[in-house]
Amino acid sequence: MFSASTPPPGPLEKVFQYIDLHQDEFVQTLKEWVAVESDSVQPVPRLRRELHRMASLAADRLRGLGARVASVDAGFQQLPDGQTLPIPPILLAELGSDPKKPTVCFYGHVDVQPARQADGWLTDPYTLTEVDGKLYGRGTTDNKGPVLAWINAVSAFKALDEDLPVNVKFLIEGMEEAGSLALEELVRKEKSGFFSSVDCIVISDNLWISRRKPALIYGTRGNSYFTVEVKCRDQDFHSGTFGGILNEPMADLVALLGSLVDESGRILVPGIYERVAPVTEEEKRMYEAIDLDVGEFRSSSQVKRLLFDTKEELLMHLWRYPSLSIHGIEGAFHEPGAKTVIPGRVTGKFSIRLVPHMDMSVVETQVKQHLEYIFSKRNSSNQMTVSMALGLHPWIANISDHQYLAAKRAIKTVFGTEPDMIRDGSTIPIAKTLQDTTQKSVIMLPLGAVDDGEHSQNEKINRWNYIQGSKLFAAFFLEMAKLRSSW
Ligand SMILES: Cn1cncc1C[C@H](N)C(=O)O
Ligand code: BAL
Ligand SMILES: [Zn+2]
Ligand SMILES: [Zn+2]
């Protein structure tokens, strides 16, 4: 749909050609990365070993660029059942330290959400498979593809022996999908070390709002993730010999989960909307400027009817209002077949995407009080335990920061268009900490298309997005360097 409006100037032309010519190699590396089942969500030793293997692969690739790589031990994750599991090392890498050049730091993650072919994938999630220019596989778009696109961009300059216009740093982790455990502490520790020379931080862990038109992101929601356990006893019961004489944990839990949100998507926890920032006129105008075809969005999402009909309402409910999602029930009998069981203990999992200016500890108290009230009304003999497992802050950028201008120019060079200026309803756990702690500005520069299916079956990145995205990063380096002279 869009083509570059102007031929790329000077060294970029060669870099772009290099990227086009070497695209099969870039896809091959992505295939190698996708082949590692680096799932950080399921807390099991086998997958933690895969995460370590993934961190080594990424470290090797960074060393291959000529970067200095520190693989920082991140300690252990404490699980609720008392078990501990190792956290994969966090990579801090740097390439170049020319004081005349700006220093851009890329943050990305190489862990993924769980995936099994049996969940309904058309291909093996850990075997990258190309169909019609779409590269299917877990992590292709979230976030291995974008991490590699940044590496591809650097590698093109290196291979051509072209001067890299910026000093580059990398912050690569393997626990993002588990809430970026241990990362906050490292960022604090490195504030006046690794981060001191950084001019801006780039994150490419989101999607466009279109299939073809690029976007820049200036805000993400946060998330507070809750578990609610209802326990009768540790063992299950036969539903014939105990059914009818018990308060069943599942019945309690289903009632609790059913009390959280109504059919219009409104969260029923009292007080939850109190602190949500009011909508401004300026903000309303901003939604109008966004080019979103509601009909196409709905049909490509394969949803019969969305909760809202207008573009403005949809965007506001994705970006600037909280939402509550119910994720699953541990201990519930969810396998196929007709097992006649009464689970003895079940844990429901739900989360609330947070927006400015909600306060996480207030949300925690409101949710706990609400569930305690609902549970007490049932007068059940079971035990209920509620805990907030993760608390992740929302993030808002300052779009007048110069890297937004550099990114816009780079987008114009590669795609021949202005980007959509958007927010994202999902969460980058470390974004706010990075911004607040290091006092460096953060930009989100996504590469993936709206239909990439993050966290879902058949996740993909288009070959076009991956390759043009690599060029976009190369163009961004150059624009950052150009802007540097005018600071
Ligand atoms: C791990 N986690 C929990 N809540 C949010 C996250 C981060 C993840 N990127 C997401 O938006 O889903
Ligand atoms: N892509 C949004 C943040 C995450 O899910 O990894
Ligand atoms: Zn994700
Ligand atoms: Zn991600």
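Two strands count as paired here if DSSP finds at least two bridges between them, and strands (E, at least two residues) and helices (H or I, at least four) are DSSP runs numbered from the N terminus. The model is a predicted one, so to speak of local features takes a pLDDT of at least 70 and side-chain atom pairs count only at pLDDT 80 or more, while totals for chains, interfaces and linings use all residues. Residues are numbered from 1 along each chain as its sequence is written, with chains lettered from A and ligands numbered from 1 in the order in which they are written.

On to the domains. The chain is divided into domain 1 (10–221 + 394–484) and domain 2 (222–277 + 320–392), with bounds that come from an automatic or database domain assignment. Their C-alpha centres lie 34 Å apart. Seven residues of domain 1 are in contact with eight of domain 2. The side of domain 1 that touches domain 2 has three nonpolar, three polar and one charged residues; Ala, Val, Leu, Ile, Met, Phe, Trp, Tyr, Cys and Pro count as nonpolar, Asp, Glu, Lys and Arg as charged, and the others, Gly among them, as polar.

A UniProt annotation from an unreviewed entry, "domain: Peptidase M20 dimerisation", covers residues 219–374. UniProt positions are given in the numbering used here, feature names are shortened, and such annotations may be inferred rather than shown by experiment. Over residues 219–374 the chain is 31% helix and 22% strand, and the end C-alpha atoms are 34 Å apart.

The other sheet is open too, with four strands in the order 13-15-11-16 and antiparallel pairing. Its edges are strand 13 (323–330) and strand 16, each with a single partner strand, so one side of each is left without a neighbour in the sheet. Here the twist averages 20 degrees from one strand to the next. Strand 11 pairs with strand 15 (residues 345–354) over 10 antiparallel bridges, and serine 224 stands opposite isoleucine 352 of strand 15. With strand 16, strand 11 pairs over nine bridges, again antiparallel. Threonine 227 has serine 387 of strand 16 as its bridge partner, while lysine 231 stands opposite glutamine 383. Helix 6 (residues 249–258) lies across strand 11, strand 13 and strand 15, at about 10 degrees to strand 15.

Now for the ligands. A residue is put in a ligand's shell if its C-beta atom, placed from the backbone, lies within 6 Å of the molecule. Around ligand 1 are Glu176, Glu177, Ala178, Gly179, Asn223, Tyr225, Ser351, Leu390, Leu392, Ser426, Thr427 and Pro429. The elements that give two or more residues to this shell are strand 11 (222–231) and strand 16 (383–392). By class, the shell around ligand 1 has five nonpolar, five polar and two charged residues. Domain 1 and domain 2 both give residues to the shell, so ligand 1 lies between them. Ligand 2 is surrounded by Asp142, Glu176, Glu177, Asp205, Asn206, Ser426, Thr427, Ile428 and Glu454. That shell divides into one nonpolar, three polar and five charged residues.

The peptide bond from proline 356 to histidine 357 is cis, with omega near 0 degrees, and histidine 357 is found in the loop between strand 15 and helix 10 (360–378). Glutamine 439, a residue other than glycine, has a positive phi near 60 degrees; this glutamine is in the loop between helix 12 (431–438) and strand 19 (441–444).

How values were computed. Two residues are in contact if their C-beta atoms, placed from the backbone, lie within 7 Å. Axes are lines fitted to C-alpha atoms, for helices over the stretch in contact, and angles run from 0 to 180 degrees between N-to-C directions.
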